[in-house]
Amino acid sequence: MEFWVTQTFNGISYGALLFLLAGGLSLIFGMMRIVNMTHGSYYLLGGYVGLSTIWRGGNFPLAILAGALAIALIGIAEWNAFLKRLGGQELGQVLTTMGFALIFQDLALIIWGGDPYTIPVPAMLSGAYHVGEIYFPVYRVFIIAVAAFVALLLWLLLEQTRVGAMMRATVDDPEMARGVGINVHGISMIVFALGALLAAVAGVVAGGFVGVYPGADFEILPYAFVVVIVGGMGSLKGALIGSLLVGLLDNFGKALFPELSYFTLFAPMAAILALRPTGLYGRA
Amino acid sequence: MKVALLSVMRAVVPVMFVFLLLVAPPFLSSFLLTLVTQALIYAIVAMSLDIILGYTGLASLGHAAYFGLGAYSVGILATRYGAGFGITLPTGVFLALVVAAIFGLVALRATGVYFLMITLALGMVVWGLAHRWVTMTQGDNGISAIPRPDLGLPWSLARSIPFYYFALAGFLIAFWILRTIVRSPFGQTLVGIRESESRMRTLGYNVWLHKYIGFVIAGGFAGFAGVLWAYYNGFVSPVDLQLATSVEVLLMVALGGRATLIGPALGAAIIVFLKNLVSVYTHRWLLILGAVYILTIVYAPEGILGGIKWRPKKVKPKTLGVKDLTEGEIGG
């Protein structure tokens, strides 16, 4: 019983982290059909910028803010300089963003070195809640709260604001959206920056949890992709459900079948895609 | 005149190239010889990917999986059971074919971005097994000390020159078969599907089956290259089938020129040489490789050979547009 509760809780908190990472990626996919291999780098660089902020005397909220803004700017620059010209060219997108991912990986190594670091978290977020025999680390509860908050904000943005309506219109039919006077390029840039920003937030939050280390970018990237494809590109609900599913499968896979853990994660994903090639909530 | 010159070149250049490859070893340092050997093996993977990426128009993000299956077949069979080339080669290729046949069923339900993503997830399944199934694959440590095959020839393949000829033979066989495939009616049908799937379907072709067979063939040849790679390197690890390797093969094809077969082989050679030579001079080779990715797409989106017209210029189907009408009026 204790095992199941703990593992479910761990799975949900990891899923919450994945939602931060993949929510924005899903919008980027859905809106621009851009395959962004740099998304994992945003996560890694966000974590590193947060770390440097704390090293220079900043506090934890400031670290999140600094990481998010710095990476959003990098995302905007990358999008403006290269990606916006590559609409509809999947191969070009994959190779260009992969090039950036390699460059960022090496730059991070030059700037921050090869040692793993953990971002120190505020005292109020350390420790654990006790419920009977079971411990719930406060930091994991915090991650779930952040993800829930971000999900709510994204939902409000998409469903309740004018910009959100433009975004949904662009996801549904970019040509038609352009036809009725929506600035599709501007909207796309906002979404791309938003996705990069959320990935960076995930990176800083993860820094207090799994740490920041070289290689984290390519380690997390496939997870983000899998969440998006299982949930369905461009669907917020899909990203949420996909994140939880991947978080739980990953956690139980690692706990129950350590030798086959990636297999138990990716094989069910492939099976879902075999039945629904556009994901659970995706539209063709 | 120009067409005649081109056709002479098309006949002469490949012969010269094969001749150069045959006589090269004595003129090369042992370092350069191993690089050419590596390039020949990666050229097979790149050419196999060209079948689905270049000729069929499907970008796969999981092609390293089949390469890895071939390599791990050798690693496991040769080190654990002392199996010879006569067993490892068919097993490696067969395993890659079978897995490609299963994955193809799933992946070919989608196209475009979705195809990319599904092949990525499928590639990760195989990578995950290599990474975590430690009792079978030794995980991240990889399988080392794979002996070179003994073919019963008077020359030991443990030495670099005989192994070079071994890899060259593998490359030439693969190239010859793949070239035969792409020039066959089957290969032409793949091109037709790339250009217009709906038109080919209307003409009565079984589009899905053609794509599927192309996908499986590509997987089989990648497995074949994996077998050679494991023997060349003496070592296999999850790095051989990780996502970055799959993307690197995509780069080789894009850099050399899609749907040219020899272009991807050239792209493979360029990337292998670049990676190894640059890393001699600097630790910052990832920066340079990253720049190559971006520059390829910015400056040579059609690849090196893609820019050259080998065949007489294709006649574009003419549609009567506004421009034609006005031009006609002015002309008349």
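## Exercises on a two-chain predicted model

A:Asp106 and B:Arg284 form a salt bridge, with their closest N and O atoms 3.0 Å apart. The model is predicted: local features need pLDDT of at least 70, side-chain atom pairs count only at pLDDT 80 or more, and totals for chains, interfaces and linings use all residues. Residues are numbered from 1 along each chain as its sequence is written, chains are lettered from A and ligands numbered from 1 in the order in which they are written, and side-chain values use heavy atoms, without hydrogens and water.

**Exercise 1.** Find where A:Asp106 and B:Arg284 lie, and say what the pair joins.

*Solution.* 
- Start with the term: a salt bridge is a side-chain nitrogen of Lys or Arg within 4 Å of a carboxyl oxygen of Asp or Glu.
- Locate the partners. A:Asp106 lies in helix 4 of chain A and B:Arg284 in the loop between helix 12 and helix 13 of chain B, so the pair joins two chains. Helices here are DSSP runs (H or I, at least four residues), numbered from the N terminus.
- Check the cover. Buried means under 20% relative accessible area, exposed over 50%, partly exposed in between (1.4 Å probe, protein chains only).
- A:Asp106 has 2%, so A:Asp106 is buried. B:Arg284 has 28%, so B:Arg284 is partly exposed.

**Exercise 2.** Classify B:Lys275 and B:Glu248 as buried, partly exposed or exposed.

*Solution.* 
- The side chains of B:Lys275 and B:Glu248 meet in a salt bridge (2.9 Å, N to O).
- The pair links distant parts of the chain, 27 residues apart: B:Lys275 is in helix 12 of chain B, B:Glu248 in helix 11 of chain B.
- B:Lys275 has a relative accessible area of 26%, so B:Lys275 is partly exposed.
- B:Glu248 has 11%, so B:Glu248 is buried.

**Exercise 3.** Which residues form the nonpolar patch, and which helix gives the most?

*Solution.* 
- Know the rule. Patches are made of residues with over 30% relative accessible area and no salt bridge; like charges are joined within 9 Å, nonpolar side chains (Val, Leu, Ile, Met, Phe, Trp, Tyr) within 5 Å.
- List the members: B:Val18, B:Phe19, B:Leu20, B:Leu22, B:Val23, B:Phe27, B:Ile161 and B:Tyr165. Together they have about 730 Å² of accessible area (Shrake-Rupley method, 1.4 Å probe; for residues, only the protein chains shown count as cover).
- Assign the helices. Helix 1 (2-23) and helix 7 (160-183) of chain B give two or more residues each. Helix 1 gives the most, with five.
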